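Here is a short briefing for a first look. Please keep the sequence and the 3D view at hand.

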Amino acid sequence: MNFILKNWWNILGVGLIMYVFTMVFMVPMGPGLLSADSSVDSVSVATIEVEGFATHFESAPDQIRAFLRTDQSEIIIECEVVEVVSNSEVILSTTMPSAAPSHSWDLLLNSKNDGTLFLPNALYHKPLIKAVPNNGSIELNEDELFKTDLGLHFPYQPRIIESIRNLMLHVPMWFTMFLLMGIGFAQSIKTLRKGGNNLLHDSKAVSSIKVGIAFGVMGLLTGSLWARFTWGAWWVNDPQLNGALVSVMIYCGYLILRSSIANRSQRARLSAVYSLFAFVILMVLLMILPRFTESLHPGKSGNPAFSKYDLDSSLRMVFYPAVIGWMLIGTWMYNLCLRTELLKEKIQTKKEY
Amino acid sequence: MKMVSYLVRHHLKMELRSLHNVMSLVIFALASTYTALQVLGGKPDPTTWNALAWIILMFTAFNSASRVLPEDLTAVRAYMHWTVPPRVMIIARTLHQSIIMIILSCLLLFALGLFLGSGNMDTLSIFGFLAGMILTAVGLASTLTLLSALSARAGAGYGLTAVLGLPLIIPIVMISTSFGTDLVTGVALGQTVQNLYYLGGLSIAIGIYGYILFPYLWRS
């Protein structure tokens, strides 16, 4: 009991991380539409092969309804389901109207087990007359469609798909790194205030920065993996990515600086000066610069991370515990690192005398 | 203030007396530009021109920061320590370094224009480019002055300045290179002038930060 009371935050951290990993690997993906292959023949009959992701077309093939609508929803036409090939493939067909206000059509597919799925720009067809026709459009009645409760699932997002699970690993790494670098910043200020004679603060600074670098490297690796999946390359030349790499390099410079100074109290003071400098550059690189430049990284123009509307409740349910859990693990690692640092120091002073 | 101007004048006087220090920097800038001309065998395309300009400026800044200033020698520092307050010292050093760098960047742009052409810029853009170079030079000077003082105090020689400095100057270099790219690809100066403000702001911020931190470096 005493053990639990004493180490409650370690246990909480491990528990949260276990919960996060379980959720990350166990929660299924929600259904979505991957792509549509369409062709329109000479008599304006369109054939659309729709490919779905995590869909269940075969479970209720009679209850699939599909609609095409123009991008401003001026016209809605219903498609006929020709064939359900497999759980993730269905072939639709419809006659295109001769008059339409635009040539790009979105696809809506409603089925009993998957609810309503949406695929923007599924079909391009140039209409004979560019106008809004008076007839031919149907009224879509919301009540006729199936509303399916899918249970707990991660939302389907185009191109990201399954890799949305990486959100719980990649983003908390950076949050934890900021926390640890913040500790390093605060401890460096304390070191300078105490005139470099109080070496405890210096040990705290160096151990937090060491662990911070580890989290930064993990953030880079998970980010690189994600980039390979969504953007097709392990590394792209992008301000946010370069900023992240450079900030990790700056903190590696901190370790190089420390190793080049022999005098203990001078080392404390000089590396504290450098670390204060480094923290500000870190802020500039990761928080300020990306807002002024174009970037592939999500949540640009205002927020260098995921913006609010990208997270739905199922993601939030895992994401917030992940952030807290990783932060607790990070602080635990920092504590262990600090203890080894202090022990090393003890051995060092024993050797010297 | 009086002390600052005295120190800066003193530093510049010292530079003039042993001119080989500055001359070696000038030769460096000219020689790199000329080598670029030899390698490229003619006028480069604007983006290459832009890259060369910033790379040479950056290395000139590193060379300039790696000169041994008299007050970094132990004996002189002991004297300076009692006569000059550290805040005055950092302002004087930064100003001195900035003045040298501004002169060098003007010369560099002249050399670039002479050997490699103007990178397809009109007159207004060239002046904008020069302003960007000067602001970058000031930013680099204030960062590298602090770092060269730091590595001198660490007694680790000037290799450390480069190791620590290269990642730290990346934000400045990122802004200035994107500014330069805009100019050489034909964006009007008015549309990319905000980059100049960012550069100026960043330079000032780094200068102020150095001003706050230097006393901790200086005392023994």
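**Around B:Val88**

B:Val88 touches B:Met3, B:Val4 and B:Leu7, leaving aside residues up to four places away in sequence; contact means heavy atoms within 4.5 Å. This is a predicted model: local features need pLDDT of at least 70, side-chain atom pairs count only at pLDDT 80 or more, and totals for chains, interfaces and linings use all residues. Residues are numbered from 1 along each chain as its sequence is written, chains are lettered from A, and side-chain values use heavy atoms, without hydrogens and water.

- B:Val88 lies in helix H5 of chain B; helices are DSSP runs (H or I, at least four residues), numbered from the N terminus.
- B:Val88 counts as buried because its relative accessibility is 14% (buried is under 20%, exposed over 50%, partly exposed in between, with a 1.4 Å probe and protein chains only).
- From B:Val88 to B:Asn63 it is 25 residues in sequence and 24 Å in space, C-alpha to C-alpha.
- B:Phe110 is also part of helix H5 of chain B.
- B:Phe110 has 56% relative accessibility, so it counts as exposed.

**Helix crossing**
- The axes of H3 (residues 46-65) and H6 (residues 123-154) of chain B come within 9 Å and cross at roughly 30 degrees.
- Axes are lines fitted to C-alpha atoms over the stretch in contact, and angles run from 0 to 180 degrees between N-to-C directions.
- Residues making this contact include B:Trp49 and B:Trp54 of H3(B), and B:Phe129 and B:Leu140 of H6(B).

Conventions
Helices (H or I, at least four residues) and strands (E, at least two) are DSSP runs, numbered from the N terminus.
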